[in-house]
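I open this notebook to record what I looked up in the structure and what I found.

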Amino acid sequence: MIFVISITLYIFTTWRKNYQKVPLPPGPSLLESFKIMWGMIKKNDIHIVGEKLASRFGEILIIRFFGLNIVLVNSARLVRKLLTNTKYRDITNDRPPSFLREHVLYGGKDIAFSDYNEYQTNLRKLLHGVVQLYGEGVQDFEDMVNTEIGNLKNKLMMVKPGQSIDMDGALKISITRILHLFLTNEGLNEEIQAEFCSIVENYDKQFNNILRFDTNLALTLLPWLRHLPGSYRELVRKLMKHQNKLTGFFLNPSKIQKWRQKGKSLLGTLLAEQEANDQFTDESVKGVIIDTIVAGFLTTSGFLGGFLLLMLHYPDIQRRIQEELDEVLEGRQPSLGDRASLHYTNAAILECLRYIRHVPVSLPHFVKEEIEIEGYRIPAKSTMLPNLWYIAKDENQWDHPDVFNPDRFLDEDRKFVPVTHQLRQQVLPFGVGRRVCIGESFAKSRIFLYVTSLLQKFSFRPNGDPLAPEDSKYWKLNAAIHPPFLKCFIEQRK
Ligand code: HEM
């Protein structure tokens, strides 16, 4: 009885509040929203649900669930407008309150989960300097990445013909090593590598558990669950244990001294700045380590794994990339300077980002005040999700969106279309505006060096077992989407 009265009161007050105002965006009824939320809690599949709803309701829609408003924005045009237009951007670039931010990331001392404020912009600016330096082909860094790729190639050369290799595992180790380099400007020796890789892998696993839709929602709404005996307490305990191991790996007193003296790396820059600026606390440094590992590990390993899986599914595309590499590079090692000449390779990389949609609904944005946009009202305190999953395959924008076709990004002269081209404006894999991915240029340069170096030297072939499906809707949704397995044969090219 109390339940029925509460529901009736809730519906009545919501209706009263909305009466005579500009309408809310379209969306499922309250009852259907309840069913949808329940489904997402069980299946952790917000991207799949979001796709169905976007086809039904159009460019913008709202799901309402007991005072929680989730607004899905389903076109690149509207995402850009809401996140970058001066009328909206001061209101739409915070993050919604979450358990993760309050209780795991030190109250938002990192970059990704902090609100957009002076602290966040200062931290972003500081890191941006370092990341740009890495991303834009500074020779030292490029040399270091190439050394790591060289290590990977040496390992792959040991694989015997007819022997199957787990490329996913090999890529993960290689990327973990690069992240260490990125944070410290120092390579990992073989002894410590195993320890560091297992710390990263364990942390990543726990972080993904807590990011699940059901867990995140339950702990955000009822944070005291972490104190009650049961699965939530166990989950949080494990996460914090592995988090302390991860941050402790970098931040013991002797290492802090070393990174500080080395200056140039991400940690070195942060630690040096910390001495001059008391805005940056120990939690800021820990937050940045966590962001870098979480954001840099799964996204890039997911991309490279996905790319190689597509090469297994599409041998002709693999061959065309290799022909271009042979023609342009004439056997020498690829460098970032070759990006401008490798048109088909660039097109294939961008098409992979579009096709797989690695971060399906971006990171959530918080609409802190009520706004009106194109005849609709987005209520204050809504969670806004840029629906990158739907946008990348929207049938109204793409010809045959379900076909993996790098040629769509080439002009009639077989040149990679410029970034201002209407089609490239439709792909937003790194987000847009003030919260755009800070690792974008770093990720792109690393991806380029991996793809070109590996395909120049090796061909990747199915090993006779069924391949993982190429359609990423069948892959597991973690912090980023990742192919389920990637075992294959490799052949050295002459
Ligand atoms: C293929 C690789 C990657 C993809 C597809 C990707 C995608 C994204 C997306 C969609 C966002 C959310 C943007 C928004 O909130 O609107 C984001 C944020 C972020 N990414 Fe990436 N990312 C990648 C690699 C990286 C790497 C390598 C790093 C770090 C080294 C990184 C660090 C971050 C950080 C710190 C944020 C939060 C920025 C903020 O909230 O201000 N990402 N990324």
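Which residues does UniProt list for "transmembrane region"? I consulted the unreviewed entry, and it lists residues 293-312. I note for the whole notebook that the model is predicted.

**Entry 1: the listed stretch.** I checked the secondary structure over residues 293-312 and found 100% helix and 0% strand. The end C-alpha atoms of this stretch are 28 Å apart.

**Entry 2: α15 against α10.** I turned to the packing of α15 with helix α10, residues 190-211. The angle is about 95 degrees and the axes lie 11 Å apart. Angles of 65 to 115 degrees count as roughly perpendicular, and α10 is therefore roughly perpendicular to α15. On the α10 side, I recorded V200, Y203, D204 and F207 as making the contact. On the α15 side, the contact is made by I293, V294, F297 and L298. By class, I find seven nonpolar residues, no polar residues and one charged residue in this contact.

**Entry 3: α13 against α14.** How do helix α13 and helix α14 pack, and at what angle? For α13 (residues 253-262) and α14 (residues 266-276), I read an angle of about 95 degrees, with the axes 7 Å apart. These two helices are therefore roughly perpendicular to each other. I256, W259, R260 and K262 of α13 make the contact with L267, G268, L271 and A272 of α14.

Entry 4: I looked up the strand order of an open sheet of four strands and found β1-β2-β7-β4, with mixed pairing. The edge strands are β1 (60-65) and β4 (365-367), each of which pairs on one side only. From one strand to the next, the twist averages 30 degrees. I then examined the pairing of β1 with strand β2 (residues 68-73), which is antiparallel and extends over six bridges. What is the bridge partner of I62 in β2? I identified V71 as that partner.

Definitions and conventions: Residues are numbered from 1 along each chain as its sequence is written. This is a predicted model: local features need pLDDT of at least 70, side-chain atom pairs count only at pLDDT 80 or more; totals for chains, interfaces and linings use all residues. Axes are lines fitted to C-alpha atoms, for helices over the stretch in contact, and angles run from 0 to 180 degrees between N-to-C directions. Angles under 35 degrees count as roughly parallel, over 145 as roughly antiparallel, 65 to 115 as roughly perpendicular and the rest as oblique. Two residues are in contact if their C-beta atoms, placed from the backbone, lie within 7 Å. UniProt positions are given in the numbering used here, feature names are shortened, and annotations may be inferred rather than shown by experiment. Ala, Val, Leu, Ile, Met, Phe, Trp, Tyr, Cys and Pro count as nonpolar, Asp, Glu, Lys and Arg as charged, and the others, Gly among them, as polar. Two strands pair if DSSP finds at least two bridges between them.
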